[in-house]
Amino acid sequence: MIHQKASQNAIAAMSRLAELYHESSAVASSRDIADSRNLPGPIVAKILPVLSRGGLISGSPGPGGGYRLSRPPAEISLHDITDLFERDAATACPYGPGWCGTGEPCPLHNSLMAVQHIIDEYLRNTTLAVFEKKQRGPLPDDAKQPERA
């Protein structure tokens with residue numbers, strides 16, 4: 001399962017770049033990405049270098065610069081994205097750390113593994129192509145999440 005909020009935010013950021021992929025100016029600034037997805041700017045600024053090191057996006061500095069997908073949206077799966085943020089994540093055992101994998105599995109183990117398999121298949125089989133040309137306007141003020149202090 002997607003354990004970290006960073007994975008969710010990374011998919012949101014990448015969805016913006018997929019929307020722009022076929023436009024003549026297929027680049028977006030960190031601010032544009034953050035604003036278009038109602039994400040905090042500092043979070044996006046931390047996510048983009050990870051996506052770049054992972055080879056999913058490229059960036060160019062300066063005026064007219066920004067970030068773009070490194071390959072077509074149909075060639076980037078959601079798993080490609082989450083894998084950059086979830087490499088060490090494991091399905092949490094409801095009995096606590098160290099239970100499953102060290103003996104008899106907990107009573108929920110098989111069910112959780114079945115759900116995990118379904119999610120993994122979904123992430124592997126779903127690409128950023130689902131986001132192409134699906135631009136949304138800004139969120140209405142009442143839909144925006146409150147700022148945290």
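**Entry 1. Terms and model**

I take contact to mean heavy atoms within 4.5 Å. I count a residue as buried under 20% relative accessible area, as exposed over 50% and as partly exposed in between (1.4 Å probe, protein chains only). Helices (H or I, at least four residues) and strands (E, at least two) are DSSP runs, numbered from the N terminus.

The model is predicted, and I note that local features need pLDDT of at least 70, that side-chain atom pairs count only at pLDDT 80 or more, and that totals for chains, interfaces and linings use all residues. Residues are numbered from 1 along each chain as its sequence is written, and side-chain values use heavy atoms, with hydrogens and water left out.

**Entry 2. The chain as a whole**

I looked up the elements and found five helices and two strands in the protein chain. Along the sequence they follow the pattern α-α-α-β-β-α-α. The protein chain has 149 residues, of which 33% count as buried. I also looked up the contacts between residues at least 6 apart in sequence, and 66% of these join residues at least 24 apart.

**Entry 3. Helix α2**

Which residues of α2 are buried? I found I33, A34 and R37. Seen down the axis of α2, these buried residues fall within an arc of 95° (the arc of the directions from the helix axis to the C-beta atoms), so they line one face of the helix. I recall that an α-helix has 3.6 residues a turn, so residues three or four places apart point the same way. The cover over the buried residues of α2 includes α1, α3 and β2. On the face turned away from the buried side I noted the exposed residues R31 and D35.

**Entry 4. How α1 meets α2**

I next looked up the packing of helix α1 (residues 5–20) against helix α2 (residues 30–37): the angle is about 105°, and the axes are 9 Å apart. Axes here are lines fitted to C-alpha atoms, for helices over the stretch in contact, and angles run from 0 to 180 degrees between N-to-C directions. Angles under 35 degrees count as roughly parallel, over 145 as roughly antiparallel, 65 to 115 as roughly perpendicular and the rest as oblique. The two helices α1 and α2 are therefore roughly perpendicular to each other.

From α1, the residues A12, A13, S15, R16, L17, E19 and L20 take part, and they meet D32, I33, S36 and R37 of α2. By class, I found five nonpolar, two polar and four charged residues in this contact. The classes are set as follows: Ala, Val, Leu, Ile, Met, Phe, Trp, Tyr, Cys and Pro are nonpolar, Asp, Glu, Lys and Arg are charged, and the others, Gly among them, are polar.

**Entry 5. The loop after α2**

I then followed the chain to N38, which comes after α2 and lies in the loop between α2 and α3. The phi of N38 is near 55°, a positive value in a residue other than glycine. Most residues other than glycine have a negative phi. At 31% relative accessibility, N38 counts as partly exposed.

**Entry 6. Helix α3**

I checked the length of helix α3 (residues 41–53): at 1.5 Å a residue its 13 residues should span 18 Å, and its end C-alpha atoms are 19 Å apart, which agrees. The expected span is 1.5 Å times one less than the number of residues.

The buried residues of α3 are V44, I47, L48, V50 and L51. Viewed down the axis of α3, they fall within an arc of 165°, so they line one face of the helix. Their cover includes α1, α2, β1 (57–60), β2 (66–69) and α4 (78–86). The face turned away from the buried side carries the exposed residues P42, K46 and R53. Just after α3, I found G55 with a positive phi of about 80°.

Leaving aside residues up to four places away in sequence, V50 touches L84 and F85.

Where is R68 found? R68 is in strand β2, and with a relative accessible area of 36% it is partly exposed. R68 and V27 are 41 residues apart in sequence, yet 4.8 Å apart in space, C-alpha to C-alpha. Not counting residues up to four places away in sequence, R68 touches L17, A26, V27, L56, I57 and S58.

My last entry is R124, in helix α5 (residues 109–125). R124 counts as partly exposed, at 45% relative accessibility. With residues up to four places away in sequence left out, R124 touches S77 and H79.
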